[in-house]
Amino acid sequence: MERDQRRIVLAADIGGTSSRIEVRAVPGTSGAESSGTDARTATTEGELLGAATGPGCNLRSSGPEAFTTLAATMRDALGEVSGHEVSHAVLAFAGAGPAQHQQVQRATHEAAAPLGIDASRLTVTDDHLVAFLAGEVGDDGILLLAGTGAVAVTYRQRRAVERRDGMGWLLGDIGSAVWLGRRTVQAVAADLDSRGRRTLLTERVGDMLDLDLRDGLLPPSPTGDVRQDLIRAVDRIAPAGYPAGLGRFAPLPGTVLEDPAAREILDTAIRHFCTTVREMDPSLGLPVVLAGSVLATPGPIRDEVVTGFDAEGREHRTVSSGLPGAVRLATEMAAEMAGGQNR
């Protein structure tokens, strides 16, 4: 009887706000291995054995316990499969670029070792490549991603040849959920402090926080100063070392399009995204993969960016998650490893 050619792979798409993990049994490609065919031809279809979602895990924005919670999410996904050897695991992180790749890789190996996943069978990458692969536009194109963070990457044969932004919430990430949330509460703070224009965002943020930020009357101001009320509430949502919590406020500018302060925030993000892609590909020769909660979810930013691309005649595709790309990459790498062992 022919031995079972299935392999178990683990794939994870790990953002600053949430993590999604799948464990799959994927068909083997023994014919491809024996003939020397490129492992990229390996199918990514397979039986779903386990899945789990959990908190985000980003060294810059998710807090000090991020990898502890990630290990728990991985354990949940593995479930009863944990007794079987994982042929390969691909964990794609937001914030795992060259600046912090070694730290992320080391912490991931430490989290995965107790689960029986050997470092030699584990690939740590950023979330950009898997999001691009999930778009299935080929090996050349542009990823425009805006979720907790924001980045644009040009790929040639899957190799990143140009990158814009992705510099983190403190130095950039223009148009990301954290950027939008930060700009929103800054506009409210300026309103309350009489440093900026009056904005409807103050009422919207107050409603979200169950505070009367305008007058401090109903309910009564907890501190006696609405500015201090805002400070205390934001500190609870996004404490030091956890700016990802600011993403909670990101949808609010889109709810008051008539408000000048909200419109300015939205227009800045839309203009940035469209200009960035136009500068990276002025000849309209590359397809664009839109990814991340800001650009994959209907709303004024996504709608106007897509309208702009359509007007230019630019090819684009939207992906809701990079997880299919991570599954694809894990399957390919498992096939490559098996092919090397069979030679």
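This is a predicted model: local features need pLDDT of at least 70, side-chain atom pairs count only at pLDDT 80 or more; totals for chains, interfaces and linings use all residues.
Two residues are in contact when heavy atoms of each lie within 4.5 Å. Leu-144 and Ile-301 have the most contacts inside the largest nonpolar core, a set of 47 residues. Helix α8, spanning residues 260-280, supplies the largest share of this core, with 9 residues. A second core is separate and holds 27 residues, among them Val-23, Cys-57, Val-86 and Leu-122. In soluble globular proteins, nonpolar side chains tend to be buried together.

The overall architecture comprises 11 helices and 10 strands. The protein has 343 residues, of which 53% count as buried. Among contacts with a separation of 6 or more, 67% join residues 24 or more positions apart.

Helix α8 also packs against helix α10, which covers residues 300-312. The angle between the two is about 35°, and their axes are 10 Å apart. The crossing of α8 and α10 is right-handed. On the α8 side, the contact involves Arg-263, Leu-266, Ala-269, Ile-270, Phe-273, Cys-274, Val-277 and Arg-278. On the α10 side, Pro-300, Ile-301, Glu-304, Val-305, Phe-309 and Glu-312 take part.

Helix α5 (residues 177-192) packs against helix α7 (residues 226-237) at an angle of about 160°. Their axes are 9 Å apart. Angles over 145 degrees count as roughly antiparallel, so α5 and α7 are roughly antiparallel to each other. Their crossing is left-handed. Helix α5 contributes Val-185, Val-188, Ala-189 and Leu-192 to the contact. Helix α7 contributes Val-226, Arg-227, Leu-230 and Val-234.

Thr-108 is a polar residue in a buried setting. It belongs to helix α3, residues 101-112. Its relative accessibility is 1%, under the 20% cut-off, so Thr-108 counts as buried. The Thr-108 side chain reaches the backbone oxygen of Val-104 at 2.7 Å. Beyond its neighbours within four places in sequence, Thr-108 is in contact with Phe-67, Leu-91, Phe-93, Leu-122 and Val-124. Of these, Leu-122 belongs to the second core.

Backbone geometry was considered next. Most residues other than glycine have a negative phi, and most peptide bonds are trans. The bond from Leu-218 to Pro-219 is cis, with omega near -5°. Pro-219 sits in the loop between α6 (201-209) and α7. Glu-136 has a positive phi, near 50°, and is not a glycine. This residue lies in the loop between α4 (127-134) and β6 (141-146). With a relative accessible area of 58%, over the 50% cut-off, Glu-136 is exposed. Asp-165 likewise has a positive phi, about 65°, without being a glycine. Asp-165 is placed in strand β8, residues 159-165. At 17% relative accessibility, Asp-165 counts as buried.

Methods. Residues are numbered from 1 along each chain as its sequence is written. Side-chain values use heavy atoms; hydrogens and water are left out. A nonpolar core is a set of buried Ala, Val, Leu, Ile, Met, Phe, Trp, Tyr and Cys residues joined through side-chain atoms within 4.5 Å. Buried means under 20% relative accessible area, exposed over 50%, partly exposed in between (1.4 Å probe, protein chains only). Helices (H or I, at least four residues) and strands (E, at least two) are DSSP runs, numbered from the N terminus. A polar contact is a pair of N or O atoms within 3.5 Å; within protein, one must be able to donate a hydrogen and the other to accept it, and residues adjacent in sequence count only if both atoms are side-chain atoms. Axes are lines fitted to C-alpha atoms, for helices over the stretch in contact, and angles run from 0 to 180 degrees between N-to-C directions. Angles under 35 degrees count as roughly parallel, over 145 as roughly antiparallel, 65 to 115 as roughly perpendicular and the rest as oblique. A crossing is left-handed if the near helix is turned anticlockwise from the far one by less than a right angle, and right-handed if clockwise.
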